[in-house]
Amino acid sequence: MGVRRGERWIIRHVDLTVDRGQLIYLVGANGAGKSTCAKAILGLLAVDEGSIERTPDLRVGYVPQRLALNPTLPLTVRRLMTLTERFPSRRIESALAAVGLHRLGNPPVTTLSGGEFQRLLLARALIHRPDLLVLDEPAQGVDMAGSGVLLDLIQDIRRDLRCGVLLISHDLDAAMSSGDHVVALVPHAHDERPVDQTAPHAGAAPRGSRQD
Ligand SMILES: Nc1ncnc2c1ncn2[C@@H]1O[C@H](COP(=O)(O)OP(=O)(O)OP(=O)(O)O)[C@@H](O)[C@H]1O
Ligand SMILES: [Mg+2]
């Protein structure tokens, strides 16, 4: 797939598949097009070349790189969970419990620490019980120990839900050690194919979603 803005290809020749149960890392320097790629996969922006193939009725959960929240709105933790769709409180509690935030009460989201906020965004993505989880730098603002905990959490979620995970990250060590595939985007090298470094379990799981 390719996405162009004006004369410039932001991403091009990106070919990646996320099968059910797989953890696929998307890495690359700032501006390489990782967030653009995630949005294209989610259908949030249209591709100018190629196509995105999704399993019918695929449920997706998304943790965006940035969430534009109005700081003047008194948005609480539980309100954020139901901002776009209402869920029974049981579902909310179990999503918060899955990320270890169930004992937090219901404070305004502005008072959460960076790590707590990232876990809240993960809970918000989980509540949809996704088949595919797209996480755009979920460990931002989280310290090194915290990002290890977050990665463990993502792995638990992947096992519990048997979902595919597309994880955008700058942590190459984690990518190489825990990813099923690592897809590296190279900025401005739009006539090159992305480097795809394939770890052992390639193609073992049934197809969850596919993007060309
Ligand atoms: N709507 C747009 N119009 C024009 N250019 C855009 C648009 N969206 C993104 N870009 C450009 O495309 C490039 C890729 O942006 P993107 O946000 O996908 O990068 P990224 O790999 O996620 O970077 P980072 O690691 O900093 O998050 C950047 O140079 C950005 O300025
Ligand atoms: Mg980005």
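Helices (H or I, at least four residues) and strands (E, at least two) are DSSP runs numbered from the N terminus. The structure is a predicted model, in which local features need pLDDT of at least 70 and side-chain atom pairs count only at pLDDT 80 or more, while totals for chains, interfaces and linings use all residues. Residues are numbered from 1 along each chain as its sequence is written, and chains are lettered from A and ligands numbered from 1 in the order in which they are written.

Leu151, Ile154, Ile157 and Leu161 of α5 are buried. They lie on the same side of α5, because the arc that they cover around the axis is only 120 degrees; this arc is taken over the directions from the helix axis to the C-beta atoms. A residue is classed as buried if 20 or more other C-beta atoms lie within 10 Å of its own, exposed if 12 or fewer, and partly exposed in between, with C-beta atoms placed from the backbone. Ala145, Asp152, Asp156, Arg159 and Asp160 are exposed on the face of α5 turned away from its buried side. The elements covering the buried residues of α5 include α3 (89–98), α4 (114–126), β7 (132–136), β8 (164–168) and α6 (172–178). Arg162, which follows α5, has a positive phi, near 50 degrees.

In strand β7, five of five residues are buried. β7 runs parallel to β6, to which four bridges join it, and pairs with β8 in the parallel sense over five bridges. Strands are taken to pair if DSSP finds at least two bridges between them. Leu133 is the bridge partner of Gly61 and stands opposite Val165 in β8.

The largest nonpolar core has 48 residues, and those with the most contacts inside it are Leu26, Val165, Leu166 and Leu167. Such a core is a set of buried Ala, Val, Leu, Ile, Met, Phe, Trp, Tyr and Cys residues joined through C-beta atoms within 7 Å. α4 gives the most to this core, with seven residues. Beyond its neighbours within four places in sequence, Leu166 is in contact (C-beta atoms, placed from the backbone, within 7 Å) with Val18, Ile24, Leu26, Ala38, Ile41 and Val134.

Positive phi values also occur in loops. His13, in the loop between β2 (8–11) and β3 (16–18), has a phi of about 60 degrees although it is not a glycine. His13 is partly exposed, with 16 other C-beta atoms within 10 Å. Arg129, in the loop between α4 and β7, has a positive phi near 45 degrees and counts as partly exposed, with 13 C-beta neighbours inside 10 Å.

The pLDDT, the predictor's confidence in each residue from 0 to 100, averages 87 over the chain, and 88% of the residues score at least 70. Confidence is highest in β8, at 98, and lowest in strand β11 (residues 209–211), at a mean of 49. Over residues 199–209 the pLDDT is below 50, and this stretch has 28 contacts in the model beyond near neighbours in sequence.

Definitions and conventions:
Contact = placed C-beta atoms within 7 Å.
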